[in-house]
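Here are some notes for a colleague who has not looked at this structure before. They go from the whole chain to a few local places.

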Amino acid sequence: FPTSTYIQIWADAQRELDAMLQREREEFLQPQENHEKVMQMLATAYIQYLEIFRNLEEAHDHLIHQQKRAAVRQVLDAVMGRVLEIKREMVALEKSECHYMDDILMALKRVPEAIEIPIPKYFIKENLRILQEREKYLHEILLNAGLLEQEPVRAMTLEEGIKVIQVAERARQGRARAAFMKRIYLEEKRQSKKEKQETGKSPDDAATCIQKVWRGYSQRKETEKLREEEMVFLGMNSTEMINGTGSLPPDVEAMSSLKKANVLQGEVQEREVFSFRQELRRAEGPHITDTLQDQITQCFVECRHITGRFPDYPPEKTGGSKAIFIEKHPEQVAEELAAEKGAEKKEKEKNGRKTEKEEAEAEKPAKAGKQVVVEGWKMGPSNFLSMLEEGSSQYQVFWENRDHRSDFLQDHDPELIKGGEREEVEEELRVQVDEVMKEKLLQIKQAVDGEIGTEKKSGTSEKVRAAAWENRGAISVPCPVMSLACRTIDSLYQELAEEGLLIQVKNVNLSDYIGYSDCLRNILREKGAQPMPSIPEVRQLVALYGILPLGSQTVHENAPLVKSLLLAGPAGVGKKMLVHAICTETGANLFNLTPSNLAGKYPGREGLVMMLHMILKVGRELQPSVVWIGDAERMYTKGARRGEEEVNSKRLAKLLPQFLRALKPQHRVLLVGTTSRPFHADMRPFCRVFQKIILIPKPDYLTRFGKYFKTLWKHYILQAGGALTKLLNLNCLAQVSDGFTQGHMVDVVHTVLTELRLLQMARKPLSTAEFVTSLARHDPVYRQEEEMFQ
């Protein structure tokens with residue numbers, strides 16, 4: 001689509017947002033006593049905000065104008081945060097993470113897909129180059145450490161070499177023979193034309209020849225057109241030409257054009273930013289360099305006037321010359337810490353967090369079987385309404401100052417863009433200035449003070465004290481942890497990777513977790529029962545609590561803070577896949593603290609403390625990060641455990657609350673646990689660590705089989721290279737596989753579709769019996785186990 005289309009999408013979304021803000025002022029600020037009315041208001045606002053969110057994300061992804069993208073980005077982050085705030089209110093009202101919204105969707109004339117959470121593409125696109133370099137660096141570390149199997153380079157045997165030479169020689173002889181025969185054919189054709197010209201040809205023979213050629217050509221084109229129309233009618237669109245004009249089918253051509261446009265837009269967006277940065281470097285680079293040198297020189301002169309000697313140049317790992325201007329006195333540090341504690345206290349009061357005693361009192365009516373009555377409900381304070389109003393006012397000014405209807409190709413405002421890029425250019429030039437000024441300082445020291453040799457290593461004690469202040473109130477700091485202050489992030493990153501604690505992320509998206517809504521669940525809810533969550537609801541919760549806060553710094557700092565998440569469900573339902581999907585969608589690092597992975601690594605309490613400090617330091621510096629604990633119930637198993645692995649698991653469980661307290665709203669670090677046996681753990685400490693618990697269900701019939709959309713059996717078979725035939729009854733497979741998980745189905749497909757079976761598929765099509773036989777070797781999830789999760 002042209003740029004004007006996305007500008008119009010932005011304008012429509014902004015108008016809807018203004019209407020929503022007006023509605024919130026009229027309805028949400030008034031106390032309400034009716035529980036159903038409050039829930040209906042919140043659910044309606046939730047769905048409408050999601051629609052605005054979806055439109056703003058589409059406009060932001062396709063706009064090239066940098067200032068327009070910045071304006072849309074501000075409103076987009078605020079809308080994401082407002083969605084999370086409304087979700088918090090809905091959960092507090094219903095005491096459940098899953099809500100019944102079918103009636104509201106029907107009233108708004110929306111389909112169930114309207115409540116799917118869109119994932120902004122800028123999470124990855126804006127940091128794509130950094131993420132690619134980090135992935136390459138991690139792959140090299142793991143390869144050098146022997147944790148990845150490198151594809152062996154196998155030497156070619158003599159027989160294989162002879163065979164390759166024979167094939168190449170036969171191909172050369174075939175090409176030479178074809179060229180020789182073509183010359184003979186052309187010579188004979190020229191000779192026959194010469195003979196015909198001498199003898200002549202009658203007009204009737206010429207007309208017959210022309211008619212024969214034309215009728216054959218037209219009939220072939222007509223047959224090809226009819227065949228393509230039939231394929232389109234049957235839903236089996238072909239990529240061949242649908243008519244003689246050389247055009248593709250409309251849907252195929254549209255998809256192809258959209259993919260090309262997305263690639264070109266990304267290239268243009270990067271080119272615009274790079275061109276402005278280059279122009280700024282060329283125009284203001286010398287002035288910025290001179291200013292930095294003058295500032296650094298002035299600082300050195302003042303330091304010598306006070307202390308009597310020139311200071312040592314700050315090392316690169318502490319920020320270089322930038323550290324000169326950010327050093328503070330101890331009194332200033334104490335004042336900042338006191339102010340930070342006061343801000344945290346105000347933030348807790350603002351978010352309305354309850355103490356454990358208040359939560360226990362709030363749960364008493366529910367445990368006693370009494371109906372909870374909402375008296376005088378009023379929407380809690382919001383951190384994003386002011387951002388939305390500010391974005392709306394900026395949009396009005398931006399829209400009024402520019403005539404978008406008559407000029408769709410408006411130039412950027414260079415000064416505004418340079419203001420945003422000037423800081424990055426200054427950081428790039430500061431590295432070069434540091435190299436020059438370091439040499440200059442050594443020469444001045446030698447000439448004035450008579451000092452000879454390399455710089456003394458200073459500032460170690462200050463860095464250690466700074467690390468202690470940074471980790472205050474978190475975990476008691478032993479001596480090994482104090483030494484981490486002197487280490488670089490790269491060295492800690494490499495050590496964690498070599499120890500197998502920092503692992504590679506599998507490239508899976510949240511949309512790959514296939515599943516669809518089932519109307520029978522809503523019937524159970526109407527009867528008062530609480531059914532298992534559906535797969536679409538799981539996707540929504542993972543996106544809300546995991547992906548959106550990790551992807552946006554603004555959302556994570558201001559939205560309701562979720563530090564830990566637990567995914568519980570039978571083995572094989574896709575818990576580990578969802579963890580990797582969170583990392584893939586946000587570009588997060590993945591730390592594996594599964595008890596089995598910690599065996600023999602960092603023994604004792606001091607070792608575990610140092611490991612957690614390393615993960616905390618690397619995770620906060622290279623955020624976003626996900627700390628994954630598989631088989632989380634093993635840390636909280638009842639009774640005494642034997643063995644070093646079990647003891648370390650118990651110690652890790654005691655340190656996790658302190659680890660979570662060290663995470664602040666500005667740190668995009670999420671603790672994710674997975675468990676297939678949560679009922680084996682001691683529930684009280686287990687549930688205190690994880691703020692949100694998401695129950696993962698096994699796939700239902702609609703997810704296993706569907707005629708008109710992508711389902712599990714069809715997806716897995718096609719992904720493995722299989723082909724669907726009449727002998728393969730997917731409906732029968734869906735019926736037989738009731739009670740089995742996605743992991744069972746993947747294992748069955750890989751067992752059946754071996755390399756040999758794929759080669760035989762052309763003459764021996766796949767049949768239902770092959771998959772049923774392999775499926776019978778697995779044990780399903782029985783009703784008793786499923787009820788234990790509920």
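1. The chain has 30 helices and six strands as its secondary structure. This is a predicted model, and the points below should be read with that in mind.

2. The chain has 790 residues, and 40% of them count as buried. Its accessible surface is about 45700 Å², with carbon and sulfur atoms making up 54% of that area.

3. Among contacts in the chain with a separation of 6 or more, 81% are between residues 24 or more positions apart.

4. One such place can be looked at in detail. Asp18 lies in helix α1, which covers residues 3–27. Which residues does Asp18 touch, leaving aside its neighbours within four places in sequence? The contacts are with Ser392 and Gln396. Asp18 and Ser392 are separated by 374 residues in sequence, yet their C-alpha atoms are 7.2 Å apart. Asp18 counts as partly exposed because its relative accessibility is 23%, and the cut-off for buried is under 20%.

5. On the surface, Phe180, Met181 and Ile184 make up a nonpolar patch, and their accessible area together is about 240 Å². Met181 belongs to helix α7, residues 158–199. Is Met181 buried, partly exposed or exposed? With a relative accessibility of 39%, Met181 counts as partly exposed, since that class lies between under 20% for buried and over 50% for exposed.

6. Helix α16 spans residues 489–498, and its buried residues are Ile489, Leu492, Tyr493, Glu495, Leu496 and Ala497. An α-helix has 3.6 residues a turn, so residues three or four places apart point the same way. After α16 comes Gly500, which has a positive phi near 80 degrees.

7. Helix α25 (residues 712–719) packs against helix α27 (residues 742–752) at an angle of about 35 degrees, and the axes are 10 Å apart. The crossing of α25 and α27 is right-handed. Which residues make the contact? From α25 they are Leu712, Trp713, Tyr716 and Ile717, and from α27 they are Gln742, Met745, Val746, Val748 and Val749.

Notes
Residues are numbered from 1 along each chain as its sequence is written. This is a predicted model: local features need pLDDT of at least 70, side-chain atom pairs count only at pLDDT 80 or more; totals for chains, interfaces and linings use all residues. Side-chain values use heavy atoms; hydrogens and water are left out. Helices (H or I, at least four residues) and strands (E, at least two) are DSSP runs, numbered from the N terminus. Buried means under 20% relative accessible area, exposed over 50%, partly exposed in between (1.4 Å probe, protein chains only). Contact means heavy atoms within 4.5 Å. Accessible areas come from the Shrake-Rupley method with a 1.4 Å probe; for residues, only the protein chains shown count as cover. Patches are made of residues with over 30% relative accessible area and no salt bridge: like charges are joined within 9 Å, nonpolar side chains (Val, Leu, Ile, Met, Phe, Trp, Tyr) within 5 Å. A salt bridge is a side-chain nitrogen of Lys or Arg within 4 Å of a carboxyl oxygen of Asp or Glu. Axes are lines fitted to C-alpha atoms, for helices over the stretch in contact, and angles run from 0 to 180 degrees between N-to-C directions. A crossing is left-handed if the near helix is turned anticlockwise from the far one by less than a right angle, and right-handed if clockwise.
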